[in-house]
Amino acid sequence: MNDDAYSATELGSHWFEGPTPDPTPDRVEGEVLRFGPGVTAAAARRAANTPTAAQIWHGTLPGAPPPRRARSRRPLRYAPAAVILLAVLALLAWRAYGPRVSVRDIAVTVPEAPLGCDGTANVVGVVRTDGRPGSLTYHWERSDGTRSAPLRETLDRGRKEARLHLLWTFQGSGTHHAVARLVITAPTTRTAEGAFTYRCE
């Protein structure tokens, strides 16, 4: 084959497919194809024996770490709200099911001197606790056969004493021996009473 008869147009048809090439150089896999008045057979053989960039390069570039998947930070956005929610739920559970107030002692105090005509006695029930929060359920019973409705006293944390009052009013003349009884029904059952005298002549 005559080397001088091999044209640039025939060389271009072996290397790429596309429209009629223009004089502007094209970049393909890192190599530049140049067009001129002619290419010798020796140059064609060198081009055929030279590996392309696609044949040489495999894998990642030297020294370049493999690409990492971006970590999603969406769950971290809700972490503070989740912590607050858990704290609120724990507090509610502790209040509902945690240790409750415990009654340690109960006593009733009454007027020491006899109560005069048409007087009102202030009977005080003193309940001592362990200082834990909770509530007391109680009622009063009187020796005249009457009884109060169920009552409740709420105790905050640190409060170790509750003072429960009964106002008992008397009218008319005569002498009456009165007994007031305090009955705690919750959290435990406790009872205490006190006696005084009403005297009107």
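In this predicted model, Leu151 is in contact with Leu136, Thr137, Tyr138 and Trp140, when residues up to four places away in sequence are left out of the count. Leu151 belongs to strand 6, which spans residues 151-155. Between Leu151 and Leu164, which stand 13 residues apart along the chain, the C-alpha separation is 9.9 Å.

Strand 5 (residues 134-142) and strand 6 run antiparallel and are joined by 5 bridges. Within this pair, Gly134 is placed opposite Leu155 of strand 6. The two strands are part of an open sheet of 4 strands, ordered 6-5-8-9, with antiparallel pairing. Strand 6 and strand 9 (190-200) form the edges, each pairing on one side only. From one strand to the next, the twist averages 25 degrees.

The link of Cys117 and Cys200 is right-handed, with 100 degrees about the S-S bond. Because Cys117 lies in the loop between strand 3 (103-109) and strand 4 (120-129), whereas Cys200 lies in strand 9, the pair ties together parts that are 83 residues apart in sequence. The two cysteines fall into separate accessibility classes: Cys117, at 43% relative accessibility, counts as partly exposed, while Cys200, at 10%, counts as buried.

Terms used
Residues are numbered from 1 along each chain as its sequence is written. This is a predicted model: local features need pLDDT of at least 70, side-chain atom pairs count only at pLDDT 80 or more; totals for chains, interfaces and linings use all residues. Side-chain values use heavy atoms; hydrogens and water are left out. Contact means heavy atoms within 4.5 Å. Two strands pair if DSSP finds at least two bridges between them. Axes are lines fitted to C-alpha atoms, for helices over the stretch in contact, and angles run from 0 to 180 degrees between N-to-C directions. A disulfide is a pair of cysteine sulfur atoms within 2.5 Å. Buried means under 20% relative accessible area, exposed over 50%, partly exposed in between (1.4 Å probe, protein chains only).
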